[in-house]
Amino acid sequence: MFLSEEKLKEYLKYASTDEARAVLFVKKQIKESAGHWIDIIDCVSYQNDNPNDLEFKLVICGHYKRILKPKYPPKSNFIFNGKLNEKEYYLSVRAITWETAHKDISQQKSKGIKGVMFEIKGVKYNKNRGKFIKDPPWLNSPAWKNVDIHSLRGADRSYVQQFLAPPDWRYEIKSIRKLSN
């Protein structure tokens with residue numbers, strides 16, 4: 001089965017979305033995902049500089065058993081001048097898998113089949129928030145005792161920032177739970 005140019009463009013558009021990243025995220029976090037299609041119901045990602053980061057505040061998804069099996073073209077169809085064009089082959093395989101998953105999930109939903117629902121919550125935080133790289137001279141001054149250094153603005157903020165440790169961003173899964181249907 002070969003995909004039309006239109007379907008391939010549709011897949012490429014999808015592949016750059018948070019939804020596509022959320023599917024990879026779910027497969028990484030939930031072992032029960034093996035042998036299932038993932039249907040993303042909702043997701044909220046952290047807006048990262050790196051689009052490959054799989055960091056989400058929330059993902060709600062359904063797992064559906066794989067009933068339809070993708071039909072992939074033989075690798076020989078992607079040999080040009082005696083060499084396999086791996087990029088084109090694997091792009092085609094991913095697009096066919098995506099199309100099959102959407103078709104299978106849609107058919108199951110139309111028959112009233114409900115997937116097993118999961119919710120994953122994660123948190124991203126700066127491990128160094130409020131930590132100093134060197135003790136500022138004013139640290140133990142009574143005037144600064146109750147000051148929230150993160151609420152400072154202007155010159156005060158610039159002055160304090162020279163003493164703060166650089167951000168050390170961390171990501172953790174806070175909870176993974178099955179939702180009742």
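Which residues is Ile149 in contact with, leaving aside its neighbours within four places in sequence? In this predicted model, the contacts of Ile149 are Gly130, Phe132, Trp138, Arg157, Val160 and Leu164. Ile149 belongs to the loop between S5 and helix H4, which spans residues 154-161. The relative accessible area of Ile149 is 13%, and Ile149 is therefore classed as buried, the limit being under 20%.

The strands were examined next. Four strands form an open sheet in the order S1-S2-S5-S6, and their pairing is antiparallel. Strand S1 (36-45) and strand S6 (169-179) each have a single partner strand because they stand at the edges, so one side of each is left without a neighbour in the sheet. On average, neighbouring strands of this sheet are turned by 20° against each other, direction ignored. Nine bridges join S1 to strand S2 (residues 56-65) in the antiparallel sense. Within this part of the sheet, Asp39 has Gly62 of S2 as its bridge partner.

Helix H2, made of residues 18-29, packs on the sheet. The strands that helix H2 touches are S1, S2, strand S5 (116-126) and S6. The direction of helix H2 makes about 115° with that of S1. Helix H3 covers residues 86-110 and lies across S1 and S2. The angle at which helix H3 runs to S1 is about 95°.

Ser45 is a residue of strand S1. With a relative accessible area of 7%, Ser45 is buried, because burial requires a value under 20%. The side chains of Ser45 and Asp18 are joined by a polar contact of 2.9 Å. When neighbours within four places in sequence are left aside, Ser45 is in contact with Asp18, Arg21, Glu55, Phe56 and Lys57.

Aromatic side chains were considered as a group. Eight aromatic pairs are found in a search of the whole structure. In one of them, the ring centres of Tyr14 and Trp98 are 5.4 Å apart and the ring planes stand at 25°, so this pair is stacked. Tyr14 is part of helix H1 (residues 5-15), whereas Trp98 is part of helix H3, so the pair ties together parts that are 84 residues apart in sequence.

Phe78 is in the loop between S2 and strand S3 (79-80), and Tyr89 is in helix H3, so that the pair links distant parts of the chain that are eleven residues apart. Phe78 and Tyr89 are buried. Ring pairs also link Phe25, Tyr46, Phe56 and Tyr171 into a cluster. One further arrangement involves a ring and a charge: the charged end of Arg66 sits over the ring of Trp37, at 4.1 Å from the ring centre.

Two loop residues complete the description. Tyr72 is located in the loop between S2 and S3. The relative accessible area of Tyr72 is 38%, and Tyr72 is thus partly exposed. Residues up to four places away in sequence not being counted, Tyr72 touches Val93, Ile96 and Thr97. With Thr97, Tyr72 also makes a side-chain polar contact of 2.6 Å. Ala95 is 23 residues from Tyr72 along the chain, and the C-alpha atoms of the two residues are separated by 10.0 Å.

Asn81 is located in the loop between S3 and strand S4 (83-84). The relative accessibility of Asn81 is 84%, so Asn81 counts as exposed. The phi angle of Asn81 is near 55°, which is a positive value in a residue other than glycine.

Key: Residues numbered from 1 in each chain as written. Predicted model: local features only at pLDDT ≥ 70, side-chain atom pairs only at ≥ 80, totals over all residues. Heavy atoms only, no water. Pairing = 2+ DSSP bridges. Axes fitted to C-alpha atoms, helices over the stretch in contact; angles between N-to-C directions. Contact = heavy atoms within 4.5 Å. Phe/Tyr/Trp six-rings, centres within 6.5 Å; stacked < 30°, edge-to-face > 60°. Buried < 20%, exposed > 50% of the residue type's maximum accessible area, 1.4 Å probe, protein only. Lys NZ or Arg CZ within 6 Å of the ring centre and 35° of its normal. Polar contact = N/O pair within 3.5 Å; in protein donor to acceptor, adjacent residues only side chain to side chain.
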